[in-house]
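Please look over the sequence and the structure shown below before reading the briefing. The notes that follow go through it topic by topic, beginning with a pair of helices.

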Amino acid sequence: MDKAFHFAVPSLDWTALLPVSIVAITGIIALIVEMLRPKHNNNLIVGVSVVGLVLAAASLIYGMTQPTFATAADMAVRDSFGTTMQLLLVMASALTVLFSEAYLRAKRIPFGEFYPLLLWSTVGGMIMSSTTNLLVIFLGLEILSISLYVMAGMSRREEKSEESAIKYFLLGAFASGFLLYGISFVYGATGSLDLNFVSAIYQSHDQTARTMLVFGLALMLIGLGFKTSLVPFHQWTPDVYQGAPTNVAAFMAAGAKIGAFAALWRVLDAFVDMGAYWIPALSVIATITMFVGNFAAVVQKDVKRILGYSSIANAGYMMVAILAYGKDHRLGHGTLTYFLLSYTLMTLGAFAVVSLQARNGRESTRLEDLNGMWRRSPLSAVALLIFMASLIGIPPTAGFVGKFLIFFDAAKAGLMPLAIVLAINSIISTYYYLAIARAAFVTDSEQTEELSVKTPSGVSGVCAVCAVGVFAVVLFYSPLVSFITQK
Amino acid sequence: MHLLSILTFLPILGVIAVLLLPEAKKNSIRQAAMLTSGITFAVSVLLLTKFDSQTFGFQFAENSEWITQLGIGYRLGLDGISIWLVLLTTFLSFVAIAASTKIDKRVRAFMACLLILESAMLGSFLSTDIVLFFTFFELTLIPMWLLINIWGGEKRAHAANKFLIYTFAGSIFLLVGIIFLGYMQFKATGTLSFDIVKIQAQVAQGKLWAGFLGIEPIVFWAFALAFLVKSPCFPFHTWIPDTYAESPVAGVILSSVMVKMGTFGFLRFCLPLFPDAVKTQIPILAAFAVIGIVYGAAVAAVQPDMRRLMAYSSLSHMGFVLLGIFSLTKIGVMGGALQQLSHGISATILFLLIGYLAERRGSTKLEDFGGLKARTPIFAAVFLIGMLSSVGLPGTNGFVGEFLALVGAFQAGYKGFFSLGLVVVAGFGVVLAAVYLLYMFQKVFYGQITSEENRNLPDLKRSELALVGLLILFIFWGGLLPNTFLKPMEVSVDNTILMASQRPGHRPQWAEAAAADKLDEARNETPTHIKGLEASR
């Protein structure tokens with residue numbers, strides 16, 4: 001009887017929680033600043049957010065030197081995978097913050113609340129990626145998502161923004177339900193919310209527990225499949241990306257994806273013994289995800305929609321990396337991490353360029369609306385070309401090395417068919433990426449109006465960082481990868 | 001001295017210089033670009049003077065790690081197979097830039113694209129690491145895509161996308177093949193490496209493919225496909241007419257160099273690395289090449305547009321290059337390699353002249369011309385020389401390459417390597433080339449002046465004539481003194497063939513050649529050292 005009431009305060013190691021705390025507190029400070037600010041200036045909020053994110057990044061880089069450990073009653077884990085994912089999230093968040101202000105002003109939705117929400121969304125992703133506790137994963141996912149629901153509907157004058165928020169919210173809630181249901185199955189089977197027990201229970205040959213684990217895994221995969229936009233759970237992606245404000249879509253494409261993939265990775269890592277169940281199933285899902293994403297993108301006319309389908313296709317590519325890891329554990333997480341890094345750079349960069357399309361409260365993102373970007377803002381046009389080349393996978397860009405690594409892992413793990421599917425899909429994808437690049441770069445009619453509108457410094461900064469980053473992560477591959485995969 | 005790195009990245013330096021100049025100073029931009037390509041050409045000539053034709057090992061080799069975890073290195077090297085292609089690249093890049101004085105739209109970006117292209121092509125001819133090669137190979141895509149897309153003709157969007165998607169489709173499988181090859185190397189040696197010297201050492205000893213002979217042809221085809229698309233070879237050639245018809249002149253000249261990356265790929269990678277697959281698969285490839293020769297020539301004969309005619313003529317001529325290489329005889333491969341150069345020169349001169357015509361007249365349709373000879377005699381004369389070189393008249397460079405390639409193919413045919421009938425058919429290609437080229441010449445320069453606009457066409461200007469004259473010099477040099485070009489490649493070609501045709505264990509190795517060269521160097525140095533010692537005694 002006594003034991004049930006015994007509650008030991010768990011010991012806390014703050015090195016594991018510091019980065020998350022910094023970002024969360026920065027969000028609160030940003031909100032306070034928002035309340036106090038002089039009405040039409042978000043610059044201070046931007047400054048606070050960036051400083052907070054930089055501090056968080058610094059604490060994460062410090063954390064990289066620490067050994068792996070779990071703290072707070074094993075609810076938070078510090079390991080190289082979690083920390084790199086958190087770094088990626090912080091990076092994605094910082095880049096989004098940097099180019100948002102100009103966009104929000106141009107779109108005439110200069111709400112300062114955006115920044116705290118974005119930071120808390122980042123917090124959710126960070127929590128998800130460094131835990132093995134299913135409930136904490138769920139918690140993180142909800143923190144990530146609820147902020148995103150609000151942000152997606154931020155442009156209240158636009159019906160499509162509202163529609164996108166509602167759509168994202170309803171489907172997201174649905175997905176959360178699946179995830180929770182799955183978690184409850186796993187809890188039923190193992191008696192614990194911690195993923196570390198899954199393997200032991202599975203090994204114990206308890207048939208009932210095994211069956212429950214299979215159900216649990218399947219339901220959790222559906223829930224996470226929504227968030228990572230795997231086919232057939234992807235339908236929301238293009239609509240929401242198109243409807244949501246561009247900077248929010250950018251963070252959805254990069255940040256939310258990082259968090260969701262981190263969680264998916266943790267789950268599948270724990271269920272590695274059951275590879276016989278999930279590897280075939282997810283191989284099929286990866287294949288159709290790639291094909292659907294790419295074929296659907298080919299016929300699209302709207303840049304944000306194309307990038308939405310591109311994010312689906314890329315989710316398929318990342319699935320191949322995870323599958324290879326599932327087959328051969330020696331491969332490690334380097335490939336997925338690197339691919340996510342390159343994907344974040346090029347996708348965020350591309351969205352930053354697209355955000356230039358907002359002017360006087362309007363935004364037109366059809367392909368032909370990009371025409372003449374070469375004249376209006378040559379730097380961003382060149383940057384967009386670089387991002388598209390990287391998304392296609394043309395060397396020497398990060399996208400190429402990312403695909404190279406996936407091919408390589410697939411070859412090592414004996415997944416050649418998936419590698420071939422990926423190769424075929426890369427060919428299909430050239431078509432629509434080129435369409436975007438061409439739209440920006442080529443003016444069929446040499447119109448002289450709209451000569452050089454000044455590109456906001458935030459946007460050009462993000463473009464420059466991402467464009468240089470796309471090459472830098474290739475040039476400095478060796479030190480980078482030894483950094484992110486250190487034990 | 002990192003001569004090869006300097007050579008490869010000099011054009012990139014030029015790009016930076018060009019981009020720093022203001023857009024309004026069009027002439028200084030042109031001059032800066034021309035100067036850069038001129039210096040690059042000078043450096044490549046310097047390489048030629050220092051080149052040792054007695055070894056097949058990689059010279060001026062540079063070796064440094066890049067992505068250590070994956071065994072990818074920054075490795076460059078020059079041998080008898082790449083030396084002339086490097087010179088061709090630097091020379092024709094210079095010609096292309098010099099020929100672009102009429103480009104007036106976005107000059108900076110135009111010159112930057114040309115220089116990046118030059119750098120990428122040089123890099124791919126010099127790489128001795130497959131992944132590095134692939135990087136440069138693919139780096140050509142975006143500048144070329146831009147060249148067609150921004151400065152191209154009417155159907156440029158279609159042509160540019162077709163070019164990029166076709167080439168990319170071919171090379172993505174090359175990438176899968178490369179990764180698989182690296183993986184095989186990992187299996188054979190325990191360390192991952194994409195260094196072709198190391199991989200070839202394993203292949204030569206028969207270790208790499210031991211037990212995987214069934215997979216070897218598949219990987220071979222992954223490589224071959226990319227190179228066939230690039231070469232271009234029937235049936236993967238359909239991008240080339242659009243590209244040639246829609247590109248600006250400089251783009252066409254550089255893509256006539258770029259197609260050599262395909263044939264070079266066969267010599268550098270396919271023959272040495274897949275010797276067992278080569279034997280079984282080459283008859284198929286040779287058949288493709290011969291179909292390409294005849295089909296290209298036949299289709300060229302009915303083209304109403306000069307540029308499209310030249311595109312199909314390129315298909316036909318590159319067929320000879322491939323046939324020569326696939327004969328796996330010394331004469332044939334040398335002929336093929338020489339024909340690469342001849343085609344580069346003769347295609348460039350004809351495209352240049354067609355470009356001049358287009359500038360003057362705004363059309364390249366055959367029906368718009370006729371009787372130009374009377375108005376523009378010098379133009380007609382140089383066009384005739386370029387055309388005869390393309391036909392392969394003895395005394396011009398075109399003859400030597402095609403003749404040697406055919407002789408080699410006949411030798412291979414007699415050995416039963418592939419069907420003799422194929423070679424006989426290929427022989428007709430030479431005749432067909434005469435048909436369509438003479439037809440074009442006759443249509444344009446003889447007969448009555450049919451169109452009023454042609455009455456006042458100006459003849460070649462001095463600057464234009466100087467550029468064309470430079471090319472003509474090489475036409476006769478190649479035709480009359482072919483040994484200048486054949487000698488430096490002889491040892492390399494010889495050993496490449498041995499790599500592909502000998503049994504495991506008897507195949508020559510690049511690694512050994514490099515080691516022997518080092519030894520030689522040491523030996524050459526010791527005597528002076530000892531002499532010094534003796535003198536002091």
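This is a predicted model: local features need pLDDT of at least 70, side-chain atom pairs count only at pLDDT 80 or more; totals for chains, interfaces and linings use all residues.

In chain A, the residues T237(A), P238(A), Y241(A) and Q242(A) of α10(A) meet K304(A), R305(A), L307(A), G308(A), Y309(A), S311(A) and I312(A) of α13(A). The contact of α10(A) with α13(A) has, by class, five nonpolar, four polar and two charged residues.

**Helices α10 and α13 of chain A**

- Two packed helices are described by the angle between their axes and the distance between the axes.
- For helix α10 (residues 236-243) and helix α13 (residues 303-327) of chain A, the axes come within 8 Å and cross at roughly 140°, and the crossing of α10(A) and α13(A) is right-handed.

**Helix α2 of chain B and its surroundings**

- The buried residues of α2(B) are I29(B), R30(B), A32(B), A33(B), T36(B), S37(B), T40(B), F41(B), S44(B) and L47(B).
- These buried residues of α2(B) pack against α1 (3-20), β1 (59-67), β2 (72-78), α3 (80-98) and α4 (107-126) of chain B.
- With α1(B), the axis of α2(B) comes within 9 Å and crosses at roughly 175°, and α1(B) and α2(B) are therefore roughly antiparallel to each other, as an angle over 145 degrees counts as such.
- On the α1(B) side this contact includes L3(B), I6(B), L7(B) and L10(B), while on the α2(B) side I29(B), A32(B), A33(B) and T36(B) are among the residues that take part.
- By class, the contact of α1(B) with α2(B) has 14 nonpolar, five polar and no charged residues.

**Helices α17 and α20 of chain B**

- The axes of helix α17 (residues 377-391) and helix α20 (residues 462-480) of chain B come within 11 Å and cross at roughly 30°.
- Angles under 35 degrees count as roughly parallel, and α17(B) and α20(B) are therefore roughly parallel to each other.
- The crossing in which α17(B) passes α20(B) is left-handed, and the contact is made by I378(B), V382(B), I385(B) and S389(B) of α17(B) together with L465(B), V468(B), I472(B) and I475(B) of α20(B).
- Sorted by class, the contact of α17(B) with α20(B) has seven nonpolar residues, one polar residue and no charged residues.

**Where chains A and B touch**

- The contact between the chains takes 24 residues from chain A and 25 residues from chain B.
- On the side of chain A that touches chain B, α16 (378-392), α17 (398-412), α18 (416-441) and α20 (477-484) of chain A each supply at least two residues, and α18(A) gives the most to this side, with 10 residues.
- By class, the side of chain A that touches chain B has 19 nonpolar, three polar and two charged residues.

**A buried methionine in a loop**

- M75(A) is found in the loop between β1 (69-71) and β2 (76-78) of chain A.
- Because 20 other C-beta atoms lie within 10 Å of its own, M75(A) is buried.
- Leaving aside residues up to four places away in sequence, M75(A) touches T131(A), N133(A) and V136(A).
- M75(A) and I137(A) are 62 residues apart in sequence, while in space they are 9.4 Å apart from C-alpha to C-alpha.

**Backbone features to look for**

- Most residues other than glycine have a negative phi, and most peptide bonds are trans.
- A cis peptide bond joins V231(A) and P232(A), with omega about 10°, and P232(A) has its place in the loop between α9 (207-228) and α10 of chain A.
- In chain B, the peptide bond from F234(B) to P235(B) is cis, with omega near 0°, and P235(B) lies in the loop between α9 (216-230) and α10 (239-246) of chain B.
- S229(A), which is not a glycine, has a positive phi of about 50°, and this residue lies in the loop between α9 and α10 of chain A.
- S229(A) counts as buried because 29 C-beta neighbours lie inside 10 Å.
- F60(B), a residue other than glycine, has a positive phi near 55° and is found in strand β1 of chain B.
- With 19 C-beta neighbours inside 10 Å, F60(B) counts as partly exposed.

Terms used. Residues are numbered from 1 along each chain as its sequence is written. Chains are lettered from A and ligands numbered from 1 in the order in which they are written. A residue is buried if 20 or more other C-beta atoms lie within 10 Å of its own, exposed if 12 or fewer, and partly exposed in between; C-beta atoms are placed from the backbone. Helices (H or I, at least four residues) and strands (E, at least two) are DSSP runs, numbered from the N terminus. Two residues are in contact if their C-beta atoms, placed from the backbone, lie within 7 Å. Ala, Val, Leu, Ile, Met, Phe, Trp, Tyr, Cys and Pro count as nonpolar, Asp, Glu, Lys and Arg as charged, and the others, Gly among them, as polar. Axes are lines fitted to C-alpha atoms, for helices over the stretch in contact, and angles run from 0 to 180 degrees between N-to-C directions. Angles under 35 degrees count as roughly parallel, over 145 as roughly antiparallel, 65 to 115 as roughly perpendicular and the rest as oblique. A crossing is left-handed if the near helix is turned anticlockwise from the far one by less than a right angle, and right-handed if clockwise.
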